Structures are given as structure tokens and as C-alpha cells.
Amino acid sequence: MTALAAHYTPEHQMFRDTCRRFFEKEVTPFHMKWEEEGIVPRELWRKAGAQGLLGMTMPEQYGGAGADFLYSAILIEEQGRALASGPAFSLHNDIVVPYLLHYGSEEQKKKWIPKACSGELADMVIVVAKTDPKLGAKGTSLIAVETRTEGFKRGRNLEKIGMKAQDTSELFFDNVRVPADHLLGGPGMGFIQLMQQLPQERLVIAIQAIAAIEAAMEHTVAYVKDRKAFGKPIIDFQNTRFKLAELKTKAQVARVFVDDCVARHLKGELDVATAAMAKYYTTDLQCELIDECLQFFGGYGYMWEYPIARLYADARVQKIYGGTNEIMKELIGRTL
């Protein structure tokens, strides 16, 4: 029994079942095609919104379900299980939209959050802008910019090592002017707002990491039971069992830690340093463990059609975004 047991209800399990069916029906059959095209269709976002998979934690008056963060964690876990790195649901639900909720005016919330929950909102970006360059970090502000604004331009899709179904691109701002009421919170509050929200962002990355770790273990164990060498399944070799025993132990330790962090977050007690520990430890482990798992597949592990290859490619960025793992160590070190 983990720290989350006390928070888990039958409604959470029903939501998990909904998520699993959604990914099995609407995502998995098409994900390879989206990787080739470099984009997830907008229609998927509308379908996700209709299924209640977007903005679950937003208050009901803004189109959400008023759900707790455990619903977000469940969605991330099921998406990881499905190897669906294309739809950036967690970025939408748990990183971008909370800025609107916590720092937006009532008018801003009513204007943007309902469309985020329905899956219509894909034409607005939140920009961290230097509104007073002389003040450094204290001179930054968060500004909502609608993409139809004159001077805003979306660049080419960037070629990435992994997460190929995500249409990551450069954004250009050529003398873009936005209304003053598009400022989120007060001027010069951007750095403080980012610091307040980063623990949840780093927890999201840790949940993604443990979900990928468990998916890699599941695929690897199935493979070594089926694949034969020298006339017997690979799992019958002591080296295989010992190595997998090591990996399973590390995965279980990480799972318990991440569940504890989610439980802390549900109570509003997840601090910056612990969130940094979770992000750094699990993403380092994710890259290490998936590399070890891929080795069991031999040459097949290098083929894109095998799930372990995509898990390997998608993992590397986890140690970079949300603050590099070196920065995580710095944050932890400051508390010593």
C-alpha cells in the first residue's frame, strides 16, 4: 500500500478506465501516423475534451470538473502506458491552464478556461516577457497572446530526437501589440508566478518518467519470455533475471517516492526541493533503465517499430526540460 491509497476512490478507478479506453481507441491506432506527420490533429483535442480529459482540475464554473490532482496523475500514467507521447495533455492541463486559473482575472478565466476544457483552445500562448529589462528576473511578466494577433508567426516544425508527433516549433513576435488586460497578474510578477507553479510541473515530469519506466519494464519482460537464444527463452538465463530484478527494484523505489510526492501535493505540502528530487531522480532513472531494457532486444531495440526504441528516444528530453537535472541538484543543494 502506497501513500496514495488513502486518496484513491472508485471514481478515480472509473476515470482510469475511461482514460485507458480513450487511448486504446482514439490514440494508439493512429500514433505512428502522427509521428510521420509531425502533428496530432485538433480533432483529438475536441474528443479528449468531450471525454472529460481536459481541464479536470479546473472549477466547474469554468468548464472543469473540480477534480483533484490525482486525476491528472492517472491521465499521465495511462498516456505513458499507451506510449502516446504526441498529445501534450499534461502540458495543457497541469502547466499552462493553471496559470490562467491562479493569475488570470475573472474575465480572463471566463474567456479562456472553458475552451481549454472543451479542447477548443489552441490559439493562445502564454509568454514570459521582459517588461522591465533593468530589473532582471523581477522585471518579467506573463502575457497571454492570441495567435491571430498581428505580428505573431509560428515557424517550422523542429526536428527532434523523440516525441516526433508533437509539433514543436519556434514562435516569432514582430512588433506584436496586445491589450493591457492580457497581462496575467501584476507587472513584474512573472518570476514569482513561475516559481509557484514549477513544483507541480516537475512532479508531472516525474510521473511521466515512472509511467515510461513501468511501460519499458512491461514490454521488456514480455519480450524476454518470448524471445529465445540457445534453445531457451532469454528470461531463463540467470543474467537476465538478475538484471531485471535490479531494474524492477529501482522502478519500485521510484514508484513509491513519486506516489508519496503526489500525496504531498494533494495536501498542498510538496516543497520545491522534494519536487526537484523527484524530477531529477526519476528522469535519470528513466534514461538508465530504458537503456538497459533496450539491450535485451538486441538489434530489434534499435528499430522504430519496437516500443522500446520510441521509449528510448522520448526519454532523453526529460532530463532537460522543466529545469535541467543540474539545476535540480542546485535547488536541492541550497537546502542543505
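Modeller: With pairing: two strands pair if DSSP finds at least two bridges between them. Keep in mind that this is a predicted model.

Biologist: Which order do the strands of the open sheet have?

Modeller: In general, strands of a sheet pair through backbone hydrogen bonds, either parallel or antiparallel. Here three strands form an open sheet in the order β1-β2-β5, and the pairing is antiparallel. β1 (124-130) and β5 (183-184) are the edge strands, each pairing on one side only.

Biologist: How many bridges join β1 and β2?

Modeller: Seven bridges, in the antiparallel sense; β2 covers residues 140-146.

Biologist: Now the cores. Which residues have the most contacts inside the largest nonpolar core?

Modeller: A nonpolar core links buried nonpolar residues through side-chain atoms within 4.5 Å. The largest one here has 61 residues, and Phe89 and Leu289 have the most contacts inside it. Elements giving two or more residues include α1 (10-27), α8 (238-266) and α9 (272-296). α7 gives the most, with twelve residues.

Biologist: What is Phe89 in contact with, beyond its neighbours within four places in sequence?

Modeller: Among its contacts are Phe22, Phe23, Trp45, Leu75 and Gln79. There is also a second, separate core of 17 residues, including Val97, Trp112, Met124 and Leu184.

Definitions and conventions
Residues numbered from 1 in each chain as written. Predicted model: local features only at pLDDT ≥ 70, side-chain atom pairs only at ≥ 80, totals over all residues. Heavy atoms only, no water. Buried < 20%, exposed > 50% of the residue type's maximum accessible area, 1.4 Å probe, protein only. Helix = DSSP H or I, 4+ residues; strand = E, 2+ residues; numbered from the N terminus. Contact = heavy atoms within 4.5 Å.
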